[in-house]
Amino acid sequence: MTVFFWAMLILIGMVVADFFVPMLPSATLVTAAAGLVFGNPILIGVLLVGAAAASWLGEFLGYRLFRSLRTGLARRSPRAVRGLVTGAVAKLETLLQRTISDHPYRTTMVARFLPAGRTALAWAAAGTAKPPYARMAALGGVLWAVYSVGLGLVIAWIAGPGLQSLVGSVVTMAAVGLFLGWLARRWQRTHPDLPDAAVLAIAAAPDTVLAAPAPAGEPGDTGEATARAA
């Protein structure tokens, strides 16, 4: 149990940090851990709760940080900040903010399973007017935890617990990532009305979005920008 306790602390820290450093393999870690506790309902339950709580914590802390950052930038120089948001990044942000306002939970369900999706979602949500982000993050965290742990249990059931399930988890998560990337590119090609970078930018590092912030509460966030996009 002592080993499991420290392993859970590392896992929780990894999932929280994954929000800020999306290349960390938190999903693979949770999936592999599920294979290692296969057959123990109590440890599986602890893993589920820990993964979901860590996901929610990372997203909520990141959202609050992004909201404070956007507010601070807007107070310092609103015109200069607006000038940074141009081209495909502005269209992507407008698209995300519009979908967050219209369908917050549906948008969360999609974004949570894309690479760096929750980071991009939190940044866009920080520029909208009071989104239900605590509930959005909770929904995303629960769905992600159930998916990751469930996938790990299925792999362990097929390949057997232990090293086999660990290898199977790594291979499976890599394949899922490649498939989601291919699916996003295919979807973008069938929707030419969207900017070229709109779909793929979610899967990019968060610096792509952070390099061009828009201030919270400005007309370009959800009001006039939405009207122009429509």
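1. Asp18 belongs to helix α1 (residues 2-20) and Arg118 to helix α7 (residues 117-125), so the pair ties together parts that are 100 residues apart in sequence. Helices here (H or I, at least four residues) and strands (E, at least two) are DSSP runs, numbered from the N terminus.

2. A word on what you are looking at: this is a predicted model, in which local features need pLDDT of at least 70 and side-chain atom pairs count only at pLDDT 80 or more, while totals for chains, interfaces and linings use all residues. Residues are numbered from 1 along each chain as its sequence is written, and side-chain values use heavy atoms, with hydrogens and water left out.

3. For the overall picture, the protein has 12 helices and 0 strands. Of its 230 residues, 42% count as buried. Among contacts with a separation of 6 or more, 79% come from residues 24 or more positions apart (contact means heavy atoms within 4.5 Å). The protein exposes about 11,900 Å², and carbon and sulfur atoms supply 70% of that area (accessible areas come from the Shrake-Rupley method with a 1.4 Å probe; for residues, only the protein chains shown count as cover).

4. Back to the charges: how many salt bridges does a search of the whole structure find? The search finds 3. Arg112 is buried, at 7% relative accessibility.

5. The side chains of Arg118 and Glu59 also meet in a salt bridge, at 3.7 Å from N to O. Here too distant parts of the chain are linked, Arg118 in helix α7 and Glu59 in helix α3 being 59 residues apart. Arg118 has a relative accessible area of 3%, so it counts as buried. Through shared partners, the salt bridges join Asp18, Glu59, Arg112 and Arg118 into one network.

6. Glu59 deserves a visit of its own. Is Glu59 buried or exposed? Its relative accessibility is 1%, so Glu59 counts as buried. The side chain of Glu59 makes a polar contact with the side chain of Ser55, at 3.1 Å (a polar contact is a pair of N or O atoms within 3.5 Å; within protein, one must be able to donate a hydrogen and the other to accept it, and residues adjacent in sequence count only if both atoms are side-chain atoms). Setting aside neighbours within four places in sequence, Glu59 is in contact with Phe19, Arg112, Arg118, Tyr133, Ala137 and Gly141.

7. Now for the rings: a search of the whole structure finds 7 aromatic pairs. One of them brings together Phe5 and Trp6, with centres 5.5 Å apart and planes at 75 degrees, so this pair is edge-to-face. Rings of Phe, Tyr and Trp (its six-membered ring) pair if their centres lie within 6.5 Å; planes under 30 degrees apart count as stacked, over 60 as edge-to-face and the rest as tilted. Phe5 is partly exposed, at 48% relative accessible area, whereas Trp6, at 52%, counts as exposed. The rings of Trp56 and Phe60 have centres 5.2 Å apart and planes at 5 degrees, so they are stacked.

8. Where do Trp56 and Phe60 lie? Both are in helix α3 (residues 41-76), 4 residues apart, about one turn of the helix. Trp56 is partly exposed, with a relative accessible area of 30%, and Phe60 is partly exposed at 25%.

9. Ring pairs also link Phe19, Phe20, Phe66 and Trp123 into a cluster. The charged end of Arg70 sits over the ring of Trp123, 4.7 Å from its centre (a charge sits over a ring if NZ of Lys or CZ of Arg is within 6 Å of the ring centre and within 35 degrees of the ring normal).

Notes: Buried < 20%, exposed > 50% of the residue type's maximum accessible area, 1.4 Å probe, protein only. Salt bridge = Lys/Arg side-chain N within 4 Å of Asp/Glu carboxyl O.
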